Amino acid sequence: WRAAGIGSSAVARLQHWQGRTDPDLMREMDEAVAADLAWCEQTGQRLLTLSCPDYPALLREIPDAPPLLFLRGNPSLLGLPQLAMVGSRHPSHTGVADARDFAADLVRAGLVVTSGLASGIDGAAHAGAMRAGGKTVAVLGTGADRPYPREHHRLYQEILDGGSLIVSEYLPGTPPLAQHFPRRNRIISGLGIGV
């Protein structure tokens with residue numbers, strides 16, 4: 001697993017489950033895997049593994065690259081130059097306006113704006129990119145089917161409707177857990193040529 005590029009924390013979790021043979025556990029795991037694969041078969045949804053040729057080259061280079069990426073929307077954006085924009089969840093009005101303006105300038109320069117769909121600067125970056133006619137990639141700390149925070153449900157849908165992309169390393173249905181958001185940040189920075 002390590003030779004395939006799977007990080008040590010993921011290997012430890014896999015080893016924990018590897019020897020389990022409890023029939024109820026095996027049935028539950030089979031059902032969960034079937035549900036996740038069914039999600040991936042829906043139009044506009046896709047699963048990338050670390051070994052897929054379409055897996056983002058820059059992301060593959062980071063330590064502990066995610067072994068799975070669940071995608072909703074336009075996966076071709078992963079092959080385009082991206083710049084990440086992140087910031088305060090409680091910015092000033094000027095900060096929000098500046099983030100929108102920066103994002104608009106970046107997409108006009110030919111870049112995709114990548115951020116985390118969080119409140120504040122992240123949301124302003126996504127909105128600014130789309131309002132300027134550009135594309136954006138939103139990396140979630142939940143499953144790709146779970147927009148978070150609630151205030152960004154509409155923004156999440158606008159991202160999909162506008163031909164942009166939602167990305168998550170977490171299984172569909174995964175709720176927002178505090179430990180997911182710092183881990184998500186390595187993907188945001190790993191997809192881009194800068195932050």
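Strand β5, helix α6 (residues 153-161) and strand β6 form a β-α-β unit that is right-handed, a crossover having that hand if, with the strands pointing away from the viewer, the path from the first strand over the helix to the second runs clockwise. Helices here are DSSP runs of H or I with at least four residues, strands are runs of E with at least two, and both are numbered from the N terminus.

Before I continue, a word on the basis of these values. The model is predicted, so local features need pLDDT of at least 70 and side-chain atom pairs count only at pLDDT 80 or more, while totals for chains, interfaces and linings use all residues. Residues are numbered from 1 along each chain as its sequence is written, and side-chain values use heavy atoms, with hydrogens and water left out.

Let me turn to strand β5 and its partners. β5 and β6 run parallel and are joined by 3 bridges; two strands pair if DSSP finds at least two bridges between them. Within this pairing, Ala138 stands opposite Ile166 of β6. Strand β4 (residues 112-115) also pairs with β5 in the parallel sense, again over 3 bridges. There, Val113 has Thr136 of β5 as its bridge partner. From β4 the chain crosses through helix α5 (residues 121-131) to β5, and this β-α-β crossover is right-handed.

I come now to helix α5. Because 10 of its 11 residues are buried, α5 is largely enclosed by the rest of the structure. Its buried residues pack against α4, β4, β5 and α6. One of the residues in this helix is Ala125, which is buried at a relative accessible area of 0%. Apart from residues up to four places away in sequence, Ala125 touches Met85, Ala99, Ala103, Val113 and Ser115, contact meaning heavy atoms within 4.5 Å. Ala125 and Ile166 are 41 residues apart along the chain, and their C-alpha atoms are separated by 14 Å. After α5 comes Gly133, with a positive phi near 85°.

A pocket, on a 1 Å grid over the protein atoms alone, is an open set of points where a 1.4 Å probe fits, with protein on both sides within 12 Å along at least five of seven lines; lining residues have an atom within 4 Å of a point. Of its 13 lining residues, Arg100, Gly123, Ala127, His152 and Leu155 lie nearest the centre. Two or more lining residues come from each of α4 (93-108), α5 and α6, and α5 provides the largest share, 4 residues.

Finally, two loop residues. Thr174 sits between β6 (165-168) and α7 (180-191) and is buried, at 14%. Beyond its neighbours within four places in sequence, Thr174 contacts Thr142, Gly143, Arg146 and His180. Gly44, in the loop between α2 (23-40) and β1 (45-49), is partly exposed at 41% relative accessibility.

Notes
Buried means under 20% relative accessible area, exposed over 50%, partly exposed in between (1.4 Å probe, protein chains only).
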